Number of protein chains: 4
Amino acid sequence: MPTARLETFADGVFAIAATLLIIDVTADAPGGGLGRALIHSWPQYAAYAVSFLTIGIMWVNHHACLDQIGRGDRRFLFANIALLACIAFVPFPTRLVAEHLRDDGLRAAAITYGLTMTTTAVCFGCVWFYAAAGRRLIAPDADERVVAGLSRSYLPGAPIYGLSTLVALWSATVSVILFAAIALFYMLESSLFGGRGSA
Amino acid sequence: MPTARLETFADGVFAIAATLLIIDVTADAPGGGLGRALIHSWPQYAAYAVSFLTIGIMWVNHHACLDQIGRGDRRFLFANIALLACIAFVPFPTRLVAEHLRDDGLRAAAITYGLTMTTTAVCFGCVWFYAAAGRRLIAPDADERVVAGLSRSYLPGAPIYGLSTLVALWSATVSVILFAAIALFYMLESSLFGGRGSA
Amino acid sequence: MPTARLETFADGVFAIAATLLIIDVTADAPGGGLGRALIHSWPQYAAYAVSFLTIGIMWVNHHACLDQIGRGDRRFLFANIALLACIAFVPFPTRLVAEHLRDDGLRAAAITYGLTMTTTAVCFGCVWFYAAAGRRLIAPDADERVVAGLSRSYLPGAPIYGLSTLVALWSATVSVILFAAIALFYMLESSLFGGRGSA
Amino acid sequence: MPTARLETFADGVFAIAATLLIIDVTADAPGGGLGRALIHSWPQYAAYAVSFLTIGIMWVNHHACLDQIGRGDRRFLFANIALLACIAFVPFPTRLVAEHLRDDGLRAAAITYGLTMTTTAVCFGCVWFYAAAGRRLIAPDADERVVAGLSRSYLPGAPIYGLSTLVALWSATVSVILFAAIALFYMLESSLFGGRGSA
């Protein structure tokens with residue numbers, strides 16, 4: 001089974017999940033004009049930017065994975081569906097964090113966001129390591145160093161998001177800053193060092 | 001007429017229908033903080049998961065069908081459009097079941113969900129058996145055993161969903177549990193036995 | 001300029017416009033339980049079905065057009081963008097007709113729906129006749145009889161929708177029935193006679 | 001790294017961003033029937049048309065860019081993700097302009113729209129000039145005159161949108177008319193002169 005239609009379906013879910021984030025961006029503020037409401041709504045733009053970037057990073061990674069994978073089977077498809085269900089869920093905790101950034105619901109919102117990201121990272125690991133174990137679905141001509149490099153790069157995702165989620169029990173604000181920092185760090189690191197690599 | 005553009009269009013509808021489900025997930029509860037509201041909203045997450053999984057299973061099946069089909073004609077396109085109209089309808093009964101899981105509207109919601117799924121299964125059957133009858137649209141090099149296996153696997157869908165819908169007349173709760181069980185059973189069965197098969 | 005990316009973009013807009021129709025389907029009724037509200041909301045399901053079918057028919061036609069077209073230029077792309085803007089507009093008048101089917105806003109809703117469809121048919125004509133005039137963008141190996149057949153089949157679209165819109169000035173209900181009948185007639189005619197043809 | 005999946009993902013975001021604009025189109029007016037409400041809502045249709053056209057023009061430009069680009073790297077992907085985040089943001093300022101066209105919030109809405117477009121133009125420049133500098137990612141067989149022509153055509157975008165945004169400090173209405181005029185001018189110029197060119 002070739003992976004072409006999986007790529008179309010996955011690209012669709014990534015594109016829609018990222019684009020749907022804008023539906024929840026509003027400019028409502030108690031009193032004052034539109035200008036004040038727009039400034040007051042900055043958490044929504046920040047949440048939009050971080051989530052769009054995070055979904056974009058996941059899309060780049062999914063892209064890098066499937067480039068090494070030569071074929072799929074039904075278990076691989078279902079692992080991908082579980083991963084895509086997590087990614088399509090991201091607009092919901094994003095909305096929660098944006099709405100509650102300045103009230104006492106932030107802890108619950110941050111934990112929801114963190115659990116979503118941790119689950120997504122776990123599903124991502126399942127997709128990749130199911131395909132890579134014993135080179136089960138890896139394309140015959142894939143470079144073993146690239147495959148090993150991808151395996152190394154996916155190991156830290158779930159623990160990092162899991163620990164950032166635990167931080168929310170102590171300070172929700174620090175936890176939210178960590179979520180933004182993870183996305184920014186990954187993008188900068190990829191941009192500084194990834195430009196020269198093959199992928 | 002090749003089926004490439006049908007696949008792009010269908011993948012788009014599957015991806016959007018699955019992703020739109022998140023628009024209806026909210027965290028509203030009478031009184032209490034966000035944490036309590038999130039826990040109170042568990043039927044919405046469960047409904048999201050079951051529906052995303054169900055749409056994902058249908059996408060895998062559509063994928064398996066079209067892999068065997070070599071070309072399309074106008075009737076085949078319209079049968080697919082009817083099928084996609086059913087699949088794009090799924091977010092509506094999903095929302096109904098999630099909203100009414102704990103009130104006396106559950107019976108009507110479960111019947112709506114069940115009728116949608118039964119109609120979808122009937123349309124799926126029409127798409128497949130129109131293409132497979134006398135190998136009308138089947139690719140010349142398709143394996144007859146795979147085609148026969150697909151025909152066998154699509155026969156039980158409509159009766160199973162139809163019976164689960166009838167169960168709602170007796171107990172709406174049992175009916176909803178059956179809908180979730182059908183999706184989980186299919187995914188587990190595919191994952192346990194499908195990994196070894198060719199599709 | 002090849003037409004591959006135009007097809008991806010167009011398929012995306014068709015798929016999203018059709019799928020977004022479900023967002024506006026609700027089950028709200030004054031008083032009574034969910035069952036009664038669902039039955040009371042039948043105009044919404046009918047509007048969903050007619051509009052999904054209409055967008056589906058337009059997708060099939062766009063498909064048939066582009067199969068004959070070998071390349072695009074910038075004017076052709078902008079004509080397509082105008083056509084897609086019309087198609088993506090369809091969910092709005094659909095919602096209006098569904099909401100006002102039983103009150104005195106139906107005339108305005110039917111005229112809005114009809115003007116949208118008439119404009120869409122005009123844009124469709126512009127896309128096709130710009131490409132077909134003097135075989136400007138037609139693929140060199142395209143069969144002249146198929147091209148002439150498509151030209152004939154696109155001529156009646158705008159007048160039929162325009163006349164059905166004018167009917168709304170006399171009776172909005174008859175006009176709405178005509179809109180549904182046009183979609184059903186086209187699908188039946190295509191299904192009865194199109195199965196045997198090459199497209 | 002080939003650019004095929006980037007094109008699918010980008011086409012998805014362009015298609016969804018354009019199509020989502022319809023969600024915000026409504027027909028609400030204080031008092032009067034639906035007919036009057038529809039006429040009163042004309043700013044929404046105008047905003048829909050201008051934004052759909054603007055996103056369409058950007059899609060045509062992205063298309064023209066990627067036709068000259070032979071391969072991507074990670075920095076190029078992230079520049080594209082930043083560009084797509086801007087494009088997916090467009091429905092929000094569009095909604096603001098449409099809602100506030102007749103009240104004193106128009107200045108803030110016009111500045112938001114202008115900043116979004118200016119940022120989008122800057123990101124577009126980053127995508128193109130990163131790829132074109134020293135022909136870093138340009139396809140080996142790309143015509144140098146086409147590449148130079150694209151470079152020339154992308155330079156004025158950001159300054160023109162930036163100046164139109166500054167105009168809003170003096171007159172918000174003039175600024176909004178400029179935004180519409182930019183889109184119409186570009187489309188007419190492309191249609192009058194682009195029909196004969198190769199792209």
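Predicted model: local features only at pLDDT ≥ 70, side-chain atom pairs only at ≥ 80, totals over all residues.
Residues are numbered from 1 along each chain as its sequence is written, chains are lettered from A and ligands numbered from 1 in the order in which they are written, and side-chain values use heavy atoms, with hydrogens and water left out.

We can begin with the pairing of chain C and chain D. Contact here means heavy atoms within 4.5 Å, and by this rule 32 residues of chain C meet 40 residues of chain D. The size of an interface is often given as the accessible area lost when the parts come together. Buried area is taken as the accessible area (1.4 Å probe) that two parts lose on being put together, summed over both. For chain C and chain D this area is about 3100 Å², with carbon and sulfur atoms giving 72% of it. Of the area that chain C buries against chain D, 28% comes from Arg5(C), Arg74(C) and Phe78(C), more than from any other three residues. Helices (H or I, at least four residues) and strands (E, at least two) are DSSP runs, numbered from the N terminus. On the side of chain C that touches chain D, the elements giving two or more residues are helix 1 (4–20), helix 4 (74–89), helix 5 (91–99) and helix 6 (106–132) of chain C. The residues of this side divide into 22 nonpolar, five polar and five charged; Ala, Val, Leu, Ile, Met, Phe, Trp, Tyr, Cys and Pro count as nonpolar, Asp, Glu, Lys and Arg as charged, and the others, Gly among them, as polar.

A salt bridge is a side-chain nitrogen of Lys or Arg within 4 Å of a carboxyl oxygen of Asp or Glu, and the count between chain C and chain D is zero. A polar contact is a pair of N or O atoms within 3.5 Å; within protein, one must be able to donate a hydrogen and the other to accept it, and residues adjacent in sequence count only if both atoms are side-chain atoms. Four residue pairs are in polar contact between chain C and chain D (both at pLDDT 80 or more).

Now to chain B and chain A. Here 38 residues of chain B are in contact with 32 residues of chain A. The two chains bury about 3100 Å² between them, 72% of it on carbon and sulfur atoms. Zero salt bridges are found across this interface, and four residue pairs are in polar contact (both at pLDDT 80 or more). On the side of chain B that touches chain A, at least two residues each come from helix 1 (4–20), helix 2 (34–40), helix 3 (42–68) and helix 9 (172–194) of chain B. Helix 3 of chain B gives the most, with 13 residues. This side holds 23 nonpolar, twelve polar and three charged residues.

Some chains do not touch. Chain A and chain C are one such pair, their nearest C-alpha atoms being 9 Å apart. Chain B and chain D do not touch either, and their nearest C-alpha atoms are 9 Å apart.

Buried means under 20% relative accessible area, exposed over 50%, and partly exposed in between (1.4 Å probe, protein chains only). Eight of the nine residues of helix 5 of chain C are buried, so this helix is largely enclosed by the rest of the structure. Among the buried residues are Phe92(C), Arg95(C) and Leu96(C).

Over all chains, the whole structure has eight salt bridges. One of them joins Arg135(C) and Glu144(C), with the closest N and O atoms 2.4 Å apart. Arg135(C) is partly exposed at 29% relative accessible area, and Glu144(C) is partly exposed at 43%. Asp143(C) and Arg145(C) also meet in a salt bridge (3.1 Å, N to O); Asp143(C) is partly exposed at 32% and Arg145(C) exposed at 67%.

Finally, Pro2(A) lies in the segment before helix 1 (4–20) of chain A and is exposed, at 55% relative accessibility.
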